[in-house]
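Please keep the structure in view while reading.

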Amino acid sequence: MKNILLCVSGGIAVYKAVALTSKLTQAGFQVKVLMTKSAQQFVQPLSFQVMSKNDVFYDTFDEKDSQVIAHIDLADWADLVIIAPATANIIGKLAHGLADDMVTTTLLATTAPVWIAPAMNVHMYDHPAVLRNIEQLYQDGYRFIEPSEGYLACGYVGKGRLEEPEKITALALQHFRTTAHEQVLVVGGAMGTIANNQLTAPVHAAMLATEVAKAFASRQIYTRLITHEQQPRKYRFLFTEQMMMADDVTKYVREWQQQHPNGLVLTDVLLPKGYTLEGVHAFHSQEEAEQVLINELKGL
Ligand SMILES: Cc1cc2nc3c(=O)[nH]c(=O)nc-3n(C[C@H](O)[C@H](O)[C@H](O)COP(=O)(O)O)c2cc1C
């Protein structure tokens, strides 16, 4: 049973975090909830306590167990941390390494992966400072569950709605699944070297590889894309991890294959004549890439 630490900050979507706690628990996760002071303005800790069947933590100095320091103990306990809803404020604090309450202190102490699910007014989400903080956190290795578009409690229609609890739960289940080919590496439009040869790539390769990576990711397959082109922010959602070109592509692919023995590597880069990369599948169109995946899944 995996442990999920759910950090709840003070937005109108806190009520959805109660549903998320319930969904995660029903899915078989152990859930412990941490709340900011503002979050408690929206929902009482008791609701989370009942749904998680665990204590709720909100006071850094309320040390319930004298044998441990609570925020370190919780940080170590977690296999995955989800901040939902994540306010503009908590995103800003985390981006700047501030730790002035139970949630932020624990966030700095954990080494588990942290997913951030922002929810806020559409103009707040578009504010340059918020965008800067999101970019910083992305660079620091945090991953985002992008808010969806729709009617916002503030009356606006736009991007800023907390992703649905069912979807976040599905992402968490997927994260811990270990079946083959849940991991795909797409090498596309790459400028680097393979076997001391400068790689060549068709002009459209980066675009094609990006489309393929997006299509796989939308089916909740972890997809890592290596390409020389900077991708727009909208592609940086949880299941695609864009990398700038690794200098030595062969070395990068080999290491990735070792780390992901069941993973699948696809490329639309034209390899030097007579050169093959073991275990790497070539594709020249979206359909071909889909077919490689289907064939591989059939062959299991
Ligand atoms: C009714 C109401 C709804 C709010 N909704 C949000 C929200 O959805 N997103 C957000 O970033 N801040 C929202 N805020 C503002 C935060 O509560 C405020 O910035 C607070 O300082 C956040 O503290 P925390 O990040 O420690 O939880 C809301 C405030 C009120 C009064």
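Two strands are taken to pair if DSSP finds at least two bridges between them. The model under discussion is a predicted one. On that criterion, six strands make up an open sheet with parallel pairing, arranged in the order S3-S2-S1-S4-S5-S6. Strand S3 (56-57) and strand S6 (143-144) each have a single partner strand, so they stand at the edges, and one side of each is left without a neighbour in the sheet.

The largest nonpolar core comprises 53 residues, and Leu6, Ala84 and Ala117 have the most contacts inside it. Strand S4 (residues 80-86) contributes the most to this core, namely six residues. Not counting residues up to four places away in sequence, Ala84 touches Leu6, Val8, Ala17, Leu20, Ala117, Leu162 and Ile168. Another core, of 22 residues, lies apart from the largest one; among its members are Leu208, Ala213, Ile226 and Phe283.

Which residues come nearest to the ligand? Of the 15 residues around the ligand, these are Ser9, Gly10, Gly11, Thr36 and Thr87. Helix H5 (residues 88-95) supplies the most to the shell, with three residues. By class, the shell holds eight nonpolar and seven polar residues, and no charged ones.

Terms used. Residues numbered from 1 in each chain as written. Predicted model: local features only at pLDDT ≥ 70, side-chain atom pairs only at ≥ 80, totals over all residues. Core = buried A, V, L, I, M, F, W, Y, C linked by C-beta atoms within 7 Å. Buried ≥ 20, exposed ≤ 12 C-beta atoms within 10 Å, placed from the backbone. Helix = DSSP H or I, 4+ residues; strand = E, 2+ residues; numbered from the N terminus. Contact = placed C-beta atoms within 7 Å. Near = placed C-beta within 6 Å. Nonpolar A, V, L, I, M, F, W, Y, C, P; charged D, E, K, R; others polar.
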